[in-house]
Amino acid sequence: MAAWRAVAARDNADWCDLVGRAHGLAGARDADAWSVPRRSPQWYPDAVTLRPGVDAARLLARIDAGPGASVKDSFADLDLAPHGFRVLFAAEWIHRPPAGPPATPLVASPLTSPLMPLVALPGAGPTALAPVTSARGLAAWSAAAGSEALHRPALLADPRVTILARRAGDGAVTAGAVLTDCGPAVGVSNVFAADEDLAGVWRGVVAACPGRPLVGYESGGLPPAEEAGFRRVGPLRVWLHPDRQRAPDRQRAPKPATD
């Protein structure tokens, strides 16, 4: 479990780096952590720890640690309270071993290399997810997910990223998720279901990635993920330095891909 926790943390750092770079923000990485020197996009952390026992003061020196800063404490062992931070939320890293091929038809996503997961055809069943392939589709997905930070063409074009959507009969996006293929496992993030069928999204994610291990993290949505075969592999926390001078847009705790 410890190994998959580290894999999940590294994958999450990779995803945060992709999002940051899509916003023109280059991250830095070493054995301790991934970090960015100025404020990250909304819902995304300014640092992600990659091993236990990271020195808190050294970590905070790498980021703009003032009000509004956030840190993903991947091993739930930091104490940032003396530095003015509070725990925004706690969650669990999750892992699912590879699943066999699903019964529904599959096609390769046009966004991916041959090594990336396959994606279920639209209309293949109630859990089917299809890749977003256009700027218009990405705009609709971002609006449905409540994630303006991901409305970036660079993410749509990146071969390591597959953005999945489930649509209603009228074409409206009702649910979705993001897959990232940056290492030994496929990362799952930004899982949402406006139609409240989170379990169906998680089943669709599993069906979309036959033969690949999956990692991610969840807080409030753990039961649907566990029903799809995911297991907890260790706790994490997200710390926030509260900003009392501005509206709490960065202080809410949705299910980000902090994120």
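Predicted model: local features only at pLDDT ≥ 70, side-chain atom pairs only at ≥ 80, totals over all residues.
Colleague: Is Asp-73, which meets Arg-237 in a salt bridge, buried or exposed?
Modeller: The side chains of Arg-237 and Asp-73 come to 3.1 Å, N to O, and the pair links distant parts of the chain, with Arg-237 in strand β13 (residues 231-240) and Asp-73 in strand β4 (residues 70-73), 164 residues apart. Arg-237 counts as partly exposed, at 22% relative accessibility. Because buried means under 20% relative accessible area, the 0% relative accessibility of Asp-73 makes this residue buried.

Colleague: How many residues apart in sequence are the parts tied together by Asp-14 and Arg-29?
Modeller: Asp-14 forms a salt bridge with Arg-29, their closest N and O atoms being 2.3 Å apart. Asp-14 belongs to helix α1 (residues 2-22) and Arg-29 to strand β1 (residues 28-29), so the pair joins parts of the chain whose separation in sequence is 15 residues.

Colleague: How many salt bridges does the structure hold?
Modeller: For the structure, the number of salt bridges is 12.

Colleague: Which strands stand at the edges of the open sheet?
Modeller: The sheet has 11 strands with mixed pairing, in the order β1-β2-β3-β4-β13-β5-β12-β11-β10-β9-β8. A strand at the edge has a single partner strand, so one side of it is left without a neighbour in the sheet, and this applies to β1 and β8 (130-131).

Colleague: Which residue in β12 is the bridge partner of Trp-93?
Modeller: Strand β5 (residues 86-96) and strand β12 (residues 214-218) pair in the antiparallel sense over five bridges. Trp-93 lies within the range given for β5, and its bridge partner in β12 is Tyr-217.

Colleague: What angle does the direction of helix α5 make with that of β11?
Modeller: Helix α3 packs on the sheet, where it touches β9, β10 and β11 (186-193), and its direction makes about 105° with that of β10. Helix α5 (residues 198-208) also packs on the sheet, touching β5, β9, β10, β11 and β12, and the angle between its direction and that of β11 is about 155°.

Colleague: Which element gives the most residues to the largest nonpolar core?
Modeller: This core has 26 residues, and those with the most contacts inside it are Trp-15, Tyr-44, Trp-141 and Leu-150. Among the elements that each supply at least two residues are α3 (135-145), α4 (153-157), β9 (161-167) and β10 (173-181), and the core draws at least three residues from each of domain 1 (4-93) and domain 2 (95-99 + 126-232). The element that gives the most, with six residues, is α1.

Technical notes. Residues numbered from 1 in each chain as written. Heavy atoms only, no water. Salt bridge = Lys/Arg side-chain N within 4 Å of Asp/Glu carboxyl O. Helix = DSSP H or I, 4+ residues; strand = E, 2+ residues; numbered from the N terminus. Buried < 20%, exposed > 50% of the residue type's maximum accessible area, 1.4 Å probe, protein only. Core = buried A, V, L, I, M, F, W, Y, C linked by side-chain atoms within 4.5 Å. Domains from an automatic or database assignment. Pairing = 2+ DSSP bridges. Contact = heavy atoms within 4.5 Å. Axes fitted to C-alpha atoms, helices over the stretch in contact; angles between N-to-C directions.
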